[in-house]
Amino acid sequence: MVTIRQLTYFDALARHRHFGRAAEACAVTQPALSMQIRDLERSLGAQLVERRPGDVVITAVGKEVARRAGEILNATRDLADAARHHARVLTGPLRLGIIPSLAPYVLPRLLPALQAGHSDLRLELQETQTKTLLTRLGRGELDAAMLALPVDDPELETRALFEDRFLLALPADDPLAARDSVQARDIDRHNLILLEEGHCLRDQTLAFCAMARDRASPGLGATSLATVMQMVANNYGVTLVPEIAAPIEVRNEQVKLVRFADPEPGRTIGLVWRSGSARKTDFEALAEIARGSVG
């Protein structure tokens, strides 16, 4: 008979493509994990893994089993969540993902509100880029994620939280700093500083400025808004900064902020979770608290 343990171990192997790393992720020995996967293959009557020296190849049948195993494991987690959280809202562990261009600015407002009203909630945070968050959400490694909408996935449910407008940050002595407002065409695109590949804020900036990815300046990429703002302060260029980040990131008198003319560019921040999750009530409550503390 196929067991949840076998599916859990095979799911880990399919993700890590390495017996040692999969065993470590499951907190078991490598021989124990290997034995369970062999038992799974015998139960299913199919080879799921091609074992090669230093390499693991998931067979075509194995890929389909891994996909279905992920669905079963997610459903199992949702079942446990439904039983655990049916009586009280926002209690116990909740794994929340958040993108880096939000975390430093949203969490100082959100966490005190959660602690004040839901002291039994154990929030486990993961800060990383959108693509990784959505992958982990789909695998059941996260319960929900806070990121920029829209999210094009029929398996996910979303709730909009607030609108975050973009401002132009530029050196104080730049001629544009004296204006009341600017437009996209006013920006010297060769002077635009961007976050590195993978950040949704980078893509949103390129879209607003009507720039193709291959036309962006490859040498002017940074891993954080804090780094970008230091580059602006030292006359390396200009950038778009989310309004929610401005109070923290724009404290240097060498940097000025200018609004864009209507319609102002921006992004919609939302909360995302798997549509089949039994914790929808929790996520709706979390969304309301986020709107009240941040929006």
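In this predicted model, the second largest cavity holds about 40 Å³ of space. Who sits around it? Its lining is made of Ile99, Pro100, Ser101, Gln129, Thr130, His199, Cys200 and Leu201. Sort those by class and you get 4 nonpolar, 4 polar and no charged residues. This lining takes at least three residues from each of domain 2 (89-160 + 269-294) and domain 3 (163-267).

Now for the largest cavity, with a volume of about 50 Å³. Two or more residues each are given by β8 (194-195), α7 (200-208), α8 (225-233) and β10 (239-242). Which of these gives the largest share? That's α7, with 3 residues. By class, this lining splits into 7 nonpolar, 2 polar and 1 charged. Counting cavities of 30 Å³ or more gives 2.

Next comes the largest pocket, which has a volume of about 510 Å³. Of its 19 lining residues, Glu71, Asn74, Gly138, Arg139 and Arg274 are the closest to the centre. Helices α1 (4-16), α4 (60-84) and α6 (130-139) supply at least two lining residues each, and α4 gives the most, with 6 residues.

| Space | Volume | Lining residues by class |
|---|---|---|
| Largest pocket | about 510 Å³ | 4 nonpolar, 6 polar, 9 charged |
| Largest cavity | about 50 Å³ | 7 nonpolar, 2 polar, 1 charged |
| Second largest cavity | about 40 Å³ | 4 nonpolar, 4 polar, no charged |

Which domains does the largest pocket draw on? At least three lining residues come from each of domain 1 (4-83) and domain 2 (89-160 + 269-294). Zoom out, and the protein chain is divided into these two plus domain 3 (163-267). The centres of domain 1 and domain 2, taken over C-alpha atoms, are 27 Å apart. Where they meet, 6 residues of domain 1 are in contact with 11 residues of domain 2. Between them they bury about 680 Å², with 40% of that on carbon and sulfur atoms.

One last stop: an unreviewed UniProt entry annotates residues 2-59 as "domain: HTH lysR-type". That span is 62% helix and 14% strand, and its end C-alpha atoms lie 18 Å apart.

Key. Residues are numbered from 1 along each chain as its sequence is written. This is a predicted model: local features need pLDDT of at least 70, side-chain atom pairs count only at pLDDT 80 or more; totals for chains, interfaces and linings use all residues. Side-chain values use heavy atoms; hydrogens and water are left out. On a 1 Å grid over the protein atoms alone, a cavity is a set of points where a 1.4 Å probe fits but cannot get out, and a pocket is an open set with protein on both sides within 12 Å along at least five of seven lines; lining residues have an atom within 4 Å of a point. Grid points are joined across faces, edges and corners, and a volume is the space filled by probe spheres set on the points. Helices (H or I, at least four residues) and strands (E, at least two) are DSSP runs, numbered from the N terminus. Ala, Val, Leu, Ile, Met, Phe, Trp, Tyr, Cys and Pro count as nonpolar, Asp, Glu, Lys and Arg as charged, and the others, Gly among them, as polar. Domain bounds come from an automatic or database domain assignment. UniProt positions are given in the numbering used here, feature names are shortened, and annotations may be inferred rather than shown by experiment. Contact means heavy atoms within 4.5 Å. Buried area is the accessible area (1.4 Å probe) that two parts lose on being put together, summed over both.
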